[in-house]
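Subject: Structure handover

Hello,

Please find the structure below. My notes on it follow.

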Amino acid sequence: MKGYAHETVHQSGTRSAPQLGALDVNVKRPGGFTVLSLMFGWFSIAGFLNAWGGLSGAFEVMPKPVAFLALIYAIAAGAAAIQLWRFRPSAIIAIRSWMAVCGLFIITLSFFFWNMILGGSIGLLSFGVFVGALFFFLDRYVQRKLVVAN
């Protein structure tokens with residue numbers, strides 16, 4: 001018998017609980033997701049090492065709020081890596097969370113290291129537009145591949 005999406009209807013007519021967000025086990029992870037997952041895994045490792053260096057005092061010039069944000073970045077990147085690797089629908093949420101942390105990171109770094117920004121306000125704005133465009137296309141790619149799989 002046919003039931004609702006991701007719902008199993010048994011021969012006796014009883015229905016099992018719907019599995020929201022479940023993907024068909026026969027769907028293969030796209031190659032791009034594998035590359036992105038490995039990339040986000042690397043981002044996560046780098047974030048944890050930066051957080052450790054900043055919070056332990058090994059990186060003396062790194063302010064504690066930036067080190068704490070590096071820890072949040074590492075967790076978000078790790079979650080994105082895992083969700084992309086497993087090809088889960090929640091990967092889009094993990095990616096968007098990582099993007100939000102990146103945006104917060106850019107704002108925080110520009111606050112603490114304003115004198116080091118090349119091009120001043122114009123440089124920061126153009127960098128923000130560039131990063132925003134990359135995030136837009138990344139979001140679009142992940143969302144399209146997940147929709148096709150569902």
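Which residues of helix 3 are buried? They are Ala91, Ile92, Ala94, Ile95, Trp98, Met99, Val101, Cys102, Phe105, Thr108 and Ser110. Buried means under 20% relative accessible area, exposed means over 50%, and partly exposed lies in between (1.4 Å probe, protein chains only).

Before the rest, some notes on reading the model. This is a predicted model, in which local features need pLDDT of at least 70 and side-chain atom pairs count only at pLDDT 80 or more, while totals for chains, interfaces and linings use all residues. Residues are numbered from 1 along each chain as its sequence is written, and side-chain values use heavy atoms, with hydrogens and water left out.

Confidence

pLDDT is the predictor's confidence in each residue, on a scale from 0 to 100. Its mean over the protein chain is 84, and 81% of the residues reach 70 or more. Over residues 1–7 pLDDT stays under 50. Where pLDDT is low, the predicted coordinates should not be read in detail.

Overall build

The protein chain has 4 helices and 0 strands. Helices (H or I, at least four residues) and strands (E, at least two) are DSSP runs, numbered from the N terminus. Of the 150 residues in the chain, 33% are buried. Helix 3 has 22 residues and spans 31 Å from its first C-alpha to its last, close to the 32 Å expected at 1.5 Å a residue; the expected span is 1.5 Å times one less than the number of residues.

The salt bridge

The structure holds 1 salt bridge, meaning a side-chain nitrogen of Lys or Arg within 4 Å of a carboxyl oxygen of Asp or Glu. It joins Asp139 and Arg96, whose closest N and O atoms are 2.6 Å apart. The pair links distant parts of the chain, as Asp139 is in helix 4 (residues 120–149) and Arg96 in helix 3 (residues 91–112), 43 residues apart. Asp139 is buried, with a relative accessible area of 15%, whereas Arg96 is partly exposed at 39%.

The surface patch

Trp42, Ile45 and Leu49 form a nonpolar patch on the surface, with about 370 Å² of accessible area together. Such a patch is made of residues with over 30% relative accessible area and no salt bridge, with nonpolar side chains (Val, Leu, Ile, Met, Phe, Trp, Tyr) joined within 5 Å. Accessible areas come from the Shrake-Rupley method with a 1.4 Å probe; for residues, only the protein chains shown count as cover. Leu49 lies in helix 1 (residues 31–56) and is exposed, with a relative accessible area of 53%.

Regards

Note on methods
Contact means heavy atoms within 4.5 Å. Patches are made of residues with over 30% relative accessible area and no salt bridge: like charges are joined within 9 Å, nonpolar side chains (Val, Leu, Ile, Met, Phe, Trp, Tyr) within 5 Å.
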